[in-house]
Amino acid sequence: MDLIYLFNSLMRRKWLILISSVLAVAIAFLFTLNQKKLYRSSAQMATGFTTSDQVKLKDENFNIYEIDVKFSNIIEALRSTKVLSMVTYNLMLHDLEKPQTPFRKLDAETMKKPAYRNADKAAAIAVLKKKYAEEKLLSSYDPEERKIQELMKVYQYDLETVRKLLSVARIQRTDFIEVQFWSTNPELSSYMVNQICSEFLRNNESSRSQQNVQSIETLEKLVAQKRADLDQKINNLKTMGGVDATVESSSKMEQISTFESRMTEEQNTLNSATLSLQQVTRQLADMDRNNAQTASAATAASAEISKLRSQMNDANQEYISKGSNDTELYNKYQKLKAAYKAKLSSLATNAPSEGGISKADLQQKKTELEIQVSSSKQNIETYQQKIRSLNSSVGAAASRSATNLALQKEVNLSQQEYENVKSRYDAVMNNTVVPLDNYRQILYGQPAVEPEPSKRLMTLALAGVSMFVFCCMAIIFLEYIDVSIKTPSQFIKTVGLKLLGVVNKINMKQTPLNTIFDTATATSAPAVTFREHLRKLRFEIENSTHKIYLFTSARPGEGKSTIIKALAHSLSRSQKKVLIIDTNFINNTLTKEFEAKEELESFSAATSDYSYDKVKSIITATAIENVDIIGCKGGDYTPAEVLGDDNLLRHLSALIGTYHYILMEGAALNDRSDSKELLNYADTMISVVSAKSTIKQTDKESIQFLQNMNGKFTGAILNCVNKENIDL
């Protein structure tokens, strides 16, 4: 839609827009005429949500979204029914107990209300004091308390009125919340904001104390239960677990390693003694004689070696029996073992060579070696038994370790649960001493010295501008949803037919056609424009070779009859004779308006008899100079159904010598086929389209028919166009 068209639409309705705007300003003026002066008072509260000056019970991260939620919660709490009810109860008690200095002074008209006259003020004071002390709300279902609520409405202390004049909001990017109240009494405004803060702190403290008591009782029971569970798990661990299996296993493994080392040493000693015994046995087999002295010495040495061996074995047994952990016993055993080996070595060194050693020495050495072999075997067996015993103990310790691990896990889990509950219990106990919230009033409301600006001029201007914008938007919206053709440019875009001419809208009742074409009397702008556009149409027709024109339209009521009459007027002004034939059988408007003879359907003559004199009998002269008409009876039939073979329309060429132009009117194309049948009798067709029409599917079919007429379509006349839209 063109902006110029929208602008013209607004300009056409400029007086409506201006009158509506002025009316809105007048109404706003009347509404604000008795506007009362209001006094504003404000108080501020610090929340502590964004500051860190309070004592912290635990580390907390700064979460901006959580802080926003907290601010929203405190704002709703300040505006809550409970807080505001306590404030209004206090205000009501003040006015009832101090009638000399009330916050709201009632006028005589208000005092006549039944809620005020029938109120028992003494009973109301008692009930309000009780409700305020107990922090309970008045019940609407109690008749007595309902009367008190009605009395509060009289004083304008009801919640609805208070909330309208109350503002609670966070001061942007700060930790503070501002409470504002407007009233006609500056003292009431200041008292209201201070009392709201006080009641909020009171309500918050009461709620926090109640919650702490309930939490402490619950957590005490839970802490005792978790402590009992923990003690039970610890007792189970002590009873079924014992020494740490890991430590025990480590000690056993160390002992096994020690015994394996000892067994290796004894195995080496056994191997050495066995080899020596085999050598001595071979030497004894080669000896033939026995030396008594040598045997005696060998016997003494053998006795000494036997004694050392016995002491060495006793020390070893004592070391093993005492757990193999005594360092002194082990060192004693090593010293005796070294002395024993040294004695054997000295015996071997001092002995004569193989050829000269005595048989007794060899026998003594053999005896010693046999004893050493036996002792080593016995020690190895003892070490093996100890190792087997320790390996068995390690397996049992592994089994106990699994049991201990399961019990220890239960103890750890129970310990964690106990600590969690205990920490919550400690937090609640700490909260009773150091509250987590840090609400405090930092700015107290003061009575305002001057009232708030009324902003009356701004209200009036806003009312006028709002109505102006609303009217403009409404007109634009109506124009937007209006899909009618309206302008010639829109006609070309949507219809697509050749535009022969445009005719502006005119009120025919105020300006009849015969006066429009009288240049002396018709001087109004619409009449002059209408006359000039008809002259343009007349020019198009006069410069055409066609003489017989059929006027039709897509739908009824497009203005065919008016266009024909107006065009006939214009042609008569140019000294042209015009014959109008009413062939719109379904709606013979032209016949009725000109009171013409209804002879078209019944007239018939031989082809040779058609002439003006023959047809003159059915022609009716009109009030328009040089314009005649042939009327029809009209009915629900088509030309093919009612006209015979020798009807007048077949011989219109016989009348061309008398009339310059013959204008016929056909029925609408959407509804009937009359115009299509009449096209055989006309030279060309002209379609009349109203600017108020919209293009629908049936119209598109008729338009397509006109586009496919193969040169017999002269063009379309856009009728009833607003004067402002003609050039668009």
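This is a predicted model: local features need pLDDT of at least 70, side-chain atom pairs count only at pLDDT 80 or more; totals for chains, interfaces and linings use all residues.
1. A salt bridge is a side-chain nitrogen of Lys or Arg within 4 Å of a carboxyl oxygen of Asp or Glu.

2. As to the overall architecture, the chain comprises 24 helices and 12 strands. Of its 728 residues, 43% are buried. Among contacts with a separation of 6 or more, 82% are between residues 24 or more positions apart. The accessible surface of the chain amounts to about 40200 Å², and carbon and sulfur atoms supply 52% of that area.

3. The structure holds 17 salt bridges, including the one between Arg555 and Asp699, in which the closest N and O atoms are 2.2 Å apart. This pair again links distant parts of the chain, with Arg555 in the loop between β6 (548–552) and α19 (560–573) and Asp699 in helix α24 (residues 697–707), 144 residues apart. Asp699 has a relative accessible area of 2% and therefore counts as buried.

4. Arg672 and Asp636 form a further salt bridge, at 3.0 Å, N to O. Arg672 is located in the loop between β10 (661–665) and α23 (674–678), and Asp636 in the loop between β9 and α22, so the pair ties together parts that are 36 residues apart in sequence. Elsewhere, Lys82, Glu135, Glu199 and Arg202 are connected in a network of salt bridges.

5. The model contains 7 aromatic pairs. One of these is formed by Tyr155 and Tyr157, which are stacked with a centre-to-centre distance of 6.1 Å and 15 degrees between the planes. Both of these tyrosines are buried. Ring pairs also bring Tyr116 together with Tyr155 and Tyr157 in a cluster. Gln156 lies in the loop between α8 (143–154) and α9 (159–164). Although Gln156 is not a glycine, its phi is positive, about 60 degrees. Gln156 is partly exposed, at 37% relative accessibility.

6. Another of the aromatic pairs, that of Phe585 and Tyr637, is tilted, with 5.5 Å centre to centre and 45 degrees between the planes. Phe585 is found in the loop between β7 (578–582) and α20 (589–594), and Tyr637 in the loop between β9 (627–630) and α22 (639–642); the pair therefore ties together parts that are 52 residues apart in sequence. Both Phe585 and Tyr637 are buried.

7. A positive phi in a residue other than glycine is also found at Asn626, where the value is near 65 degrees. Asn626 sits in the loop between β8 (620–621) and β9, and is partly exposed with a relative accessible area of 25%.

8. A nonpolar surface patch is formed by Trp15, Leu18, Ile19, Val465, Phe468, Val469 and Met473, with about 720 Å² of accessible area together. Helices α2 (14–31) and α15 (456–481) are the elements that give two or more residues to the patch, and α15 provides the largest share, 4 residues. Trp15 is placed in helix α2 and is exposed, with a relative accessible area of 57%.

9. On the cysteines, the count of disulfides is 0. Cys471 has its nearest cysteine sulfur, that of Cys472, 6.9 Å away and is in no disulfide; the cut-off for such a pair of sulfur atoms is 2.5 Å. Cys471 is buried, at 10% relative accessibility, and Cys720 is buried as well, at 17%.

10. Finally, Asn194 is located in helix α10 (residues 186–240). With a relative accessible area of 18%, Asn194 is buried, because the threshold for that class is under 20%. Setting aside its neighbours within four places in sequence, Asn194 makes contact with Ala43, Gln441, Tyr444 and Gly445.

Conventions:
Residues are numbered from 1 along each chain as its sequence is written. Side-chain values use heavy atoms; hydrogens and water are left out. Buried means under 20% relative accessible area, exposed over 50%, partly exposed in between (1.4 Å probe, protein chains only). Contact means heavy atoms within 4.5 Å. Patches are made of residues with over 30% relative accessible area and no salt bridge: like charges are joined within 9 Å, nonpolar side chains (Val, Leu, Ile, Met, Phe, Trp, Tyr) within 5 Å. Accessible areas come from the Shrake-Rupley method with a 1.4 Å probe; for residues, only the protein chains shown count as cover. Rings of Phe, Tyr and Trp (its six-membered ring) pair if their centres lie within 6.5 Å; planes under 30 degrees apart count as stacked, over 60 as edge-to-face and the rest as tilted.
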